[in-house]
2 protein chains.
Amino acid sequence: MDRIMLSHGGGGVEMNELINKMIFEIFNNEILNRADDSAVLGGVKNLAFSTDSFVVTPIFFNGGDIGKIAACGTINDLLMVGAKPKFLSCSLIIEEGLAISDLKSILISLNEVCKSADVKVVCGDTKVVPKGKCDKIFINTAGVGEVVCENVSTKSLKSGAKILLSGDIGRHGGVILSNRENLQSELKSDCKSLKNVVLALLDAGIKPLCMRDATRGGVSAVLNEWAGACGLEILVYDEKIAVSSEVLGICELFGFEPYELANEGTFLLAVMPDDAIKAVEILRQFDKNANEIGEILDSKKSRVVIENAYKSRRFLEPPKGELLPRIC
Amino acid sequence: MDRIMLSHGGGGVEMNELINKMIFEIFNNEILNRADDSAVLGGVKNLAFSTDSFVVTPIFFNGGDIGKIAACGTINDLLMVGAKPKFLSCSLIIEEGLAISDLKSILISLNEVCKSADVKVVCGDTKVVPKGKCDKIFINTAGVGEVVCENVSTKSLKSGAKILLSGDIGRHGGVILSNRENLQSELKSDCKSLKNVVLALLDAGIKPLCMRDATRGGVSAVLNEWAGACGLEILVYDEKIAVSSEVLGICELFGFEPYELANEGTFLLAVMPDDAIKAVEILRQFDKNANEIGEILDSKKSRVVIENAYKSRRFLEPPKGELLPRIC
């Protein structure tokens, strides 16, 4: 048996085999292995809860696959509110006919991210739909974490805060685009867990006002959301935002803005000026392209302005229309 | 605008509109409205965590829709481990072209179940895939609950325990089958939240050893799983298990076993004999078809035996093969 059959989702013998012989073996931990209807986790003092469904195509891309992105996405969302990720669910919607070997390598890569972030996959679900009713595999993960730094939220954004960016931008979007257009490119997705870098910041006593990973809609979506949430103007500097030459090339070729391309392991954070220098130092231990890229101004105009090297300014508009479907 | 467009999943202006104008308005609560990357929930002493993805077709059926089932499924899974459901996530994978009015009524029905069960939808995600890449809408819910009754688990199953069933069986499977075959039928799905009945049992001091809702694979899948988990023989009595005449008719027509048909609001519980009479009494306040249907024997043969009215016995085999895809 080397392909997924409809009966793998039917609640009978075949589904039990798939779950026991593959899924439980890969995610093996005592909470999951209890195999009850819900995972019982023990107490958590201040809980964070997040979910994302992943429909990325292609399911294998340069620098990752749908399993890696499904783990990183939810782990990173928990980190972004100052929470230490602890538990993950993994729910699969699989198209009949998917190669079992593909499913296995996807789950292994999901599990590797979890292991390295000390996160346990404790519950899940498997559905199989007939051929043509989904596209290969969709994965939902939900995550539970323990808040270790309070009030990391758009509510905490205020004028005077510095905006920091953890690395160069647009690599995930660029890779997906290259893959779909069959471009030869050395570009790798930035898809990764942000656990080490975020915990390093918090351990060093940095108090982020707000953090957000720049996924769909890229840096532009996050900055516009922040400007909307705090009702203030945000100014960023074009030349402080690192973009690789590969991403720039792809953007020129297809008419995209690097600011709107998705990232899957790159985040923005807002900190008070006191914290900015130390925070950039720590960010650079993980990615030399990290930088302070701008600040929140006093002006009560809820918008994002970007200044280029010649001091000319323009609005960075929120992304609109169909950018790039199924990026994550 | 009356249809979902790809841009509703793109992370830009259109997605924000959909989320703010429809989703947040329906699920409206202060935790969700914070709109951070994860919901921060406060402390929970002993946490239960569960997830399910729903791909049921048709998305509207007699007695419910995919939104109702998505809420009930996860709420019930939390209840089945003795947890009080508190928070739900809601993650949508939508096919381009879905009518906005359908999406709205699905979300409203999901939210009605949550409201009546005092559960808050606190986080979510929206993906849109091109036409033909999924089938109308798939919904994942994950849920967090607080364990109020410890050790409700297959680990607690033991010989001598009585097996109780909360209502008549096979109605959800029967409805889906009738809908797909365009049969005229009065049959309604049993799809419902089990919160009131389970909390009534626990409040009355009943100590369930194990509970499980009989979804995919039906009563047969649950009993066989239980027999496997405790390594003991389970004996049930055919005539004690209520099946409506409509379900029986559908089973005869299509060659199904009612024991293998899915339920979406009917559960099995195992209790020690002391608790059995009182538990049945409480179950019957919610469904007059509830009954004690059998017991766990001493015999270390991990299997399920069913006895009919003429005392003739046969094995109730675990479901095998493709029963009925996309039942939930």
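**Reading helices, copies and loops**

Tutor: This is a predicted model. Sorted by class, the contact of H6(B) with H9(B) holds seven nonpolar residues, one polar residue and no charged ones.

Student: How do I describe the geometry of such a pair, and at what angle do the axes of H6 and H9 of chain B cross?

Tutor: The general idea is that two packed helices are described by the angle between their axes and the distance between the axes. Here, helix H6 (residues 195-203) and helix H9 (residues 273-286) of chain B have axes that come within 10 Å and cross at roughly 155 degrees. H6(B) and H9(B) are therefore roughly antiparallel to each other, an angle over 145 degrees being counted that way. The crossing of H6(B) and H9(B) is right-handed.

Student: And in chain A, which residues of H6(A) and H9(A) meet?

Tutor: From H6(A) come A:Asn196, A:Val197, A:Ala200 and A:Leu201, and from H9(A) come A:Ala279, A:Ile282, A:Leu283 and A:Phe286. By class, seven residues in the contact of H6(A) with H9(A) are nonpolar, one is polar and none is charged. The axes of helix H6 (residues 195-203) and helix H9 (residues 273-286) of chain A come within 10 Å, crossing at roughly 155 degrees. H6(A) and H9(A) are therefore roughly antiparallel, and H6(A) passes H9(A) in a right-handed crossing.

Student: Where does UniProt place the PurM-like C-terminal domain in chain A?

Tutor: An unreviewed UniProt entry puts the feature "domain: PurM-like C-terminal" at residues 158-306 of chain A. Over residues 158-306, chain A is 38% helix and 19% strand, and the end C-alpha atoms are 18 Å apart.

Student: What about the PurM-like N-terminal domain: where does UniProt place that feature?

Tutor: The feature "domain: PurM-like N-terminal", again from an unreviewed entry, is placed at residues 36-147 of chain A. Over that stretch, residues 36-147, chain A is 28% helix and 48% strand, with the end C-alpha atoms 26 Å apart.

Student: Now the backbone. What should I look for, and which residues are joined by a cis peptide bond in chain A?

Tutor: As a rule, most residues other than glycine have a negative phi, and most peptide bonds are trans. In chain A, a cis peptide bond joins A:Thr57 and A:Pro58, with omega about 0 degrees. A:Pro58 lies in the loop between strand S1 (39-54) and strand S2 (60-61) of chain A. In chain B, B:Thr57 and B:Pro58 are joined by a cis peptide bond, with omega about 0 degrees. B:Pro58 sits in the loop between strand S1 (39-54) and strand S2 (60-61) of chain B.

Student: Is phi of A:Asn182 positive or negative?

Tutor: Positive: phi of A:Asn182 is near 55 degrees, in a residue other than glycine. A:Asn182 is in the loop between helix H5 (171-180) and H6 of chain A.

Student: Last one: what rotation superposes chain B on chain A?

Tutor: A rotation of 180 degrees, with 0.0 Å of shift along its axis, superposes chain B on chain A with an RMSD of 0.0 Å. The two copies are thus related as by a two-fold rotation axis. In chain B, the C-alpha nearest the axis belongs to B:Cys134, 2.0 Å from it. As for the interface, 100% of the interface residues of chain B are also interface residues in chain A, so the copies meet through the same surface.

Technical notes:
Residues are numbered from 1 along each chain as its sequence is written. Chains are lettered from A and ligands numbered from 1 in the order in which they are written. This is a predicted model: local features need pLDDT of at least 70, side-chain atom pairs count only at pLDDT 80 or more; totals for chains, interfaces and linings use all residues. Side-chain values use heavy atoms; hydrogens and water are left out. Axes are lines fitted to C-alpha atoms, for helices over the stretch in contact, and angles run from 0 to 180 degrees between N-to-C directions. Helices (H or I, at least four residues) and strands (E, at least two) are DSSP runs, numbered from the N terminus. Angles under 35 degrees count as roughly parallel, over 145 as roughly antiparallel, 65 to 115 as roughly perpendicular and the rest as oblique. A crossing is left-handed if the near helix is turned anticlockwise from the far one by less than a right angle, and right-handed if clockwise. Contact means heavy atoms within 4.5 Å. Ala, Val, Leu, Ile, Met, Phe, Trp, Tyr, Cys and Pro count as nonpolar, Asp, Glu, Lys and Arg as charged, and the others, Gly among them, as polar. UniProt positions are given in the numbering used here, feature names are shortened, and annotations may be inferred rather than shown by experiment. Copies are superposed by least squares on the C-alpha atoms of residues with pLDDT of at least 70 in both.
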